[in-house]
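Please open the model in your viewer and keep the selection tool at hand. Each stop below tells you what to select and what to look for there.

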Number of protein chains: 4
Amino acid sequence: MKILAFAGSLRKGSLNRRLLRYAIEGAEAAGGVVDELPPDGLALPLYNEDLERDGSYPPDVEAWRARIVEAEGLLIASPEYNHGMSGVLKNAIDWGSRPPNVFDRKVAASFGTTVGPYGTARSQMNVRLCLTPLNVWVVPKTVLVPHAGKAFDADGELGDPKAADDLRAVGRVLVQAIQAGLGRL
Amino acid sequence: MKILAFAGSLRKGSLNRRLLRYAIEGAEAAGGVVDELPPDGLALPLYNEDLERDGSYPPDVEAWRARIVEAEGLLIASPEYNHGMSGVLKNAIDWGSRPPNVFDRKVAASFGTTVGPYGTARSQMNVRLCLTPLNVWVVPKTVLVPHAGKAFDADGELGDPKAADDLRAVGRVLVQAIQAGLGRL
Amino acid sequence: MKILAFAGSLRKGSLNRRLLRYAIEGAEAAGGVVDELPPDGLALPLYNEDLERDGSYPPDVEAWRARIVEAEGLLIASPEYNHGMSGVLKNAIDWGSRPPNVFDRKVAASFGTTVGPYGTARSQMNVRLCLTPLNVWVVPKTVLVPHAGKAFDADGELGDPKAADDLRAVGRVLVQAIQAGLGRL
Amino acid sequence: MKILAFAGSLRKGSLNRRLLRYAIEGAEAAGGVVDELPPDGLALPLYNEDLERDGSYPPDVEAWRARIVEAEGLLIASPEYNHGMSGVLKNAIDWGSRPPNVFDRKVAASFGTTVGPYGTARSQMNVRLCLTPLNVWVVPKTVLVPHAGKAFDADGELGDPKAADDLRAVGRVLVQAIQAGLGRL
């Protein structure tokens with residue numbers, strides 16, 4: 001069973017991307033095989049219907065869509081900009097939603113970290129609401145890591161073991177939900 | 001497997017309550033046993049922490065909470081007032097969320113009808129976002145029935161067979177998700 | 001110019017109600033005359049269309065609606081339950097929205113405090129979205145006071161002078177927006 | 001007084017862009033001077049903090065930011081993709097929010113059209129919630145134009161005179177709110 005993991009930020013040193021490893025650990029411990037998108041994996045053209053030709057999409061978009069198709073689940077580290085997900089992430093979702101909607105029947109989990117005190121609380125709501133019409137089951141639990149500037153130690157490890165464990169639990173539940181057959185309903 | 005079905009309106013002739021029957025048909029066809037709340041089932045006191053005594057709640061609230069505890073799934077017909085669920089429904093959710101959160105690990109589906117053209121699109125988002133922190137899995141699919149004043153025939157039946165079928169499908173998926181073990185994750 | 005101030009909680013010792021005083025100070029300093037609702041001011045019947053008789057409403061509801069009619073602005077201390085405003089507050093908004101919508105052309109500001117770390121971030125979004133279709137202008141700035149259990153000193157005063165000042169600023173901006181004529185547009 | 005008008009779509013034949021003209025008429029009738037962004041005006045790089053150099057931004061981004069700075073108000077035609085605004089529009093907002101936040105104290109109005117029946121109801125909520133933390137006042141009224149495929153005649157004019165008038169009213173209210181001094185509060 002394949003899980004695609006990615007962060008909604010293009011920054012090389014993305015702190016959100018660092019969260020993925022814990023969720024991935026949980027997913028792998030539960031039997032998932034994780035495909036992690038490279039840091040520039042969401043560097044797609046801006047969505048423009050004029051770029052669609054006879055049902056095909058620009059090459060980078062086709063590659064992104066193919067990667068989703070191959071996966072049964074999604075681990076999404078979503079930053080929060082202006083009380084929502086990044087335009088980068090929304091743009092990638094918009095491309096994936098084009099016919100045929102490649103998100104159909106996937107299961108997803110999302111979580112995130114911000115420099116500020118609210119830990120992407122609002123971004124996670126936005127992610128959930130945008131994936132829902134695409135027929136994605138979203139794991140109820142999320143993990144919010146506030147104060148990102150102080151949340152990681154010099155080795156890039158999360159300082160709070162509870163947050164790390166919660167991320168592992170989210171990855172595990174994602175895989176278990178897929179194993180239960182959720183994506184076939 | 002027990003499913004609790006209810007509408008977020010106290011009006012005797014609630015059009016949202018009429019939607020329940022189709023979702024219930026789907027749930028029953030998939031093997032669910034449905035407990036339909038009476039029309040005044042959400043006529044609870046307004047939430048007030050001062051009414052909590054040593055972890056116990058007013059009798060009507062205890063009865064409401066017990067009914068959720070007994071169920072594994074929830075079918076919710078949510079009207080839309082002012083771009084959200086009714087205060088009536090939110091009040092009932094607020095009581096159920098008090099410790100111990102009786103919604104924990106339930107699976108829910110929500111849908112609704114409005115007199116206006118948008119069919120509770122925004123209310124369903126509100127329901128989804130409020131159930132999520134209670135650790136409820138919410139079925140991605142919803143059914144929106146706009147123009148409620150013209151949507152039902154003289155016998156109170158939905159005129160649009162597709163909407164009726166979609167409601168049945170939502171009830172069926174709810175039961176299948178519980179059968180898959182979603183509520184045990 | 002009259003401003004109606006109230007909290008979305010019925011609890012006698014409501015911490016949200018304590019926030020009102022700072023916003024009221026700011027509103028008064030800018031020239032507003034503030035009418036503060038008593039603690040049980042939102043103890044209305046649950047909304048039920050069957051209680052409407054020839055365009056009139058239950059006495060408590062009429063009193064609530066009259067108080068809004070007399071005001072040009074609203075100061076709302078909104079707690080957060082389950083990622084939304086309280087059912088109590090939503091119920092009061094639902095009654096006020098019934099024809100004629102008494103919220104029409106008001107200006108409002110909302111803010112709040114929670115025991116947890118996120119300070120009603122999500123509740124304020126919910127308040128904003130529900131007031132908007134009622135044709136209410138909502139002040140962009142809000143104030144979130146997290147960790148309510150530690151935020152007030154023994155005299156019930158906010159320990160953080162910046163939060164107190166921010167609340168005063170919100171009250172002042174509310175009055176200035178009304179003075180500018182916003183409610184007549 | 002300058003108003004910047006733009007649509008959240010890059011498609012040359014964007015139906016949302018066609019809505020702008022009506023709102024612009026209303027804004028102009030009230031005394032506004034409207035600057036309409038060219039169709040590729042939001043064709044910015046995807047947001048990436050690594051592209052920021054000593055507080056300066058890529059040239060296209062600087063041009064976009066300068067155009068907002070010059071305006072006091074914003075007319076936004078926002079399509080709806082996946083229950084939210086387009087990634088294109090969110091990306092442009094994300095760039096504008098970078099320090100110094102060029103949206104500070106602007107007044108905005110948003111509206112939109114979709115091929116489907118719900119007329120961007122959910123996208124407008126998303127736009128409102130994302131502009132709010134940027135200290136933007138958002139006009140409460142919006143205009144939703146469903147069934148975009150049938151909403152325009154052969155000349156590209158809106159077939160529904162009420163929708164056209166509502167758009168004009170939104171443009172007028174935007175200008176009046178700025179004239180009242182809202183952007184100076």
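At what angle do helix α1 and helix α6 of chain C pack? Select residues 15-29 and residues 161-179 of chain C, and you will have the two helices, which pack at an angle of about 50° with their axes 6 Å apart. They are therefore oblique to each other, a word used for angles that are not under 35 degrees (roughly parallel), over 145 (roughly antiparallel) or 65 to 115 (roughly perpendicular). This is a predicted model, in which local features need pLDDT of at least 70, side-chain atom pairs count only at pLDDT 80 or more, and totals for chains, interfaces and linings use all residues. Residues are numbered from 1 along each chain as written, chains are lettered from A and ligands numbered from 1 in the order in which they are written, and side-chain values use heavy atoms, without hydrogens and water.

Stay with this pair and show the side chains of the contact (heavy atoms within 4.5 Å). Among the residues that make it are Leu19(C) and Tyr22(C) from α1(C), and Leu167(C) and Val175(C) from α6(C). The contact residues divide into seven nonpolar, two polar and three charged.

Next, select residues 121-131 of chain D, which form helix α4. Eleven of its eleven residues are buried, meaning under 20% relative accessible area with a 1.4 Å probe and protein chains only; among them are Met125(D) and Leu129(D).

Terms used
Axes fitted to C-alpha atoms, helices over the stretch in contact; angles between N-to-C directions. Helix = DSSP H or I, 4+ residues; strand = E, 2+ residues; numbered from the N terminus. Nonpolar A, V, L, I, M, F, W, Y, C, P; charged D, E, K, R; others polar. Buried < 20%, exposed > 50% of the residue type's maximum accessible area, 1.4 Å probe, protein only.
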